[in-house]
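Subject: Structure for you to look at

Hello,

Here is the structure I said I would pass on. Please open it next to this email and read the two together.

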Amino acid sequence: PAEVLGPGGETELADSVSSCRVLVVGAGGIGCELLKNLVLTGFKNIEVIDLDTIDVSNLNRQFLFQKKHVGKSKAQVAKESVLQFCPEANITAYHDSIMNPDYNVEFFKNFMLVMNALDNRAARNHVNRMCLAANIPLIESGTAGYLGQVTVIKKGLTECYECQPKPTQKTFPGCTIRNTPSEPIHCIVWAKYLYNQLFGEEDADQEVSPDTADPEASWDPAQTAARAGASNQDGDIKRVSTKDWARSTGYDPVKIFNKLFKDDIMYLLTMDKLWKKRKAPQPLDWAVVQEMAYIQEEVSGQGLRDQQVLGVKGYAQLFCNSVETLRSQLAEKGEGAQLVWDKDDPPAMDFVTAAANLRMHVFSMNMKSRFDVKSMAGNIIPAIATTNAVIAGLIVLEALKILSGDLEQCRTVFLNKQPNPRKKLLVPCALDPPNTNCYVCASKPEVTVKLNVHKTLVQSLQDKILKEKFGMVAPDVQIEDGKGTILISSEEGETDANNSKCLSEFGIRNGSRLQVDDFLQDYTLLVNLLHCEDLEKDVEFEVVGDAPDKAPPAPNVPEEDKNIANGNQDSALPSTSSKVPIEKDDVLIVDSDEEPSSSTMEAAVEMGGVKRKLEDVETGGAGSKRKRLFELPINDDDIIALD
């Protein structure tokens, strides 16, 4: 900063640092390091917000917390801890969600600078919009293992967080999960669904029984008798829900085992067309399994318990024990209670590990250790404390540039896993200008959506399109029909009667336009509707045109290509065939082809890049190329949601 400021600039900067008011969003892995850095740098007026409480698993890297703090507010404890570094600092802590309407545009205007240390895309989108509305600079950041990034967002000068498309979360067809799993991840997703169906909140979209409507099966009606007889002992999957049936057995682990791994598999075998070109599953019977020899395979050396692969008999016993434990937990909670799956809850993790491995065995896959299953079930990329520390330091350096009035000196900086050919771990890139097609920061945001006006409900428009797809919190929708018809109101109860009606009932047709406002975000979006009768199966709508809606398709990557998780190939990737990371919590990553790094360039291949010229930050010359669309998850809480 001294070089930027010139003689005497240091004093002005010090004054700005001590007087300015800054907001830190998130007090986890990056947030703890950032708060410590801010007070030690001389920042005196800091507000921090985080809705989370401290967990034991946070203590290996979130050094403002100690064991005695477990269960307490992250924001509050972080405040108390950093005040020990600088007692005269004025710190306000909020144990709350940044998406709470209390934190409106006026709230954001109180700050000179906002710094994100978040772990989910929804909150990032929201803070991005609030900073745009308040015209406040935002410093965005993220880490994943040894990789990290910091970038600066300023309305009108740089790309906003939503200017570039993000790869959508990977999902799996229901018939693959229920009928024809081909990879361990399919079995793990099935086991998590099973946990919810038995002990948690039932969801029709997470059914685990054989899918009778599988289009690939094309059953002959003459086979009805065979199908009906395949699963008629421990509960007919067509008549009762999985939970009701399990409850009727008293959660008998042996009966549940035989239904899942014998009867349901026999039922699948009657769908013979499924097995013409793939290996048929082999049913497992509890009594037969008990006659097997107990086999325990050790993955490495002495083998930590979590890294051992048990034999079929071992997993059958683990399944039985975990069902009994979870049954007791459910009973203790009382009638109508539900359990919530948590990767850090041993019985829940035991259940998913056992059920997934037994299904892998049935479908002739190599079984996985508890460690591997946990990695895939939570899709964990281990957090590295030093990565968080480096990124937090870079955030402060970018903050100092902003406070010096030198936004043009700000950079997107990447922390790579290995030195690039220039022997650098930190690679700076010039900030990009706004994307003129961005439906968030363009001067008049506009987007076109293709849907069937006779089938799409107002509720779906609100929840799936406006809230989920376009990141709004409380949208108001007015039809541009010359009458100003209000279709959706953010005022509770005002338009609830519309929710179950189709769009066409309000005169909406091909070419209709909707004016959508979110007053909390101070955000207005014009939505053009195109009526379409022939959308793909299970597709309710499509965003079309130039809006940054779709990320480029990811090419297949050779099996030996590494991913950004530590050590295990399967641990962070949902699909060994596509090698595309599942990422819900992410930041946009860009890298310079002029300075390739093995880790970031590998990831660049995974996500598929679009190259274009930009200023070479280091040489000042033109002609270096920049790849974009490497999605790097923020690793505050170590988890990238899988499903």
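Below are notes on confidence, aromatic rings and charges over rings.

This is a predicted model, in which local features need pLDDT of at least 70 and side-chain atom pairs count only at pLDDT 80 or more, while totals for chains, interfaces and linings use all residues. Residues are numbered from 1 along each chain as its sequence is written, and side-chain values use heavy atoms, with hydrogens and water left out.

Confidence. pLDDT is the predictor's confidence in each residue, from 0 to 100. The protein averages 78, and 76% of the residues score at least 70. Over residues 547-643 the pLDDT stays under 50. Where pLDDT is low, the predicted coordinates should not be read in detail.

Aromatic pairs. Rings of Phe, Tyr and Trp (its six-membered ring) pair if their centres lie within 6.5 Å; planes under 30 degrees apart count as stacked, over 60 as edge-to-face and the rest as tilted. There are 17 such pairs in the structure. Tyr94 and Tyr103 have ring centres 5.5 Å apart and planes at 75°, so they are edge-to-face. Phe107 and Phe111 are also edge-to-face, at 5.2 Å between centres and 70° between planes. Both Phe107 and Phe111 are buried (under 20% relative accessible area; exposed is over 50%, partly exposed in between; 1.4 Å probe, protein chains only).

Charges over rings. A charge sits over a ring if NZ of Lys or CZ of Arg is within 6 Å of the ring centre and within 35 degrees of the ring normal. The charged end of Arg21 is placed this way over Phe111, 5.2 Å from the ring centre. Lys259 lies over the face of Trp245, 5.7 Å from the ring centre.

Regards

Conventions:
Contact means heavy atoms within 4.5 Å.
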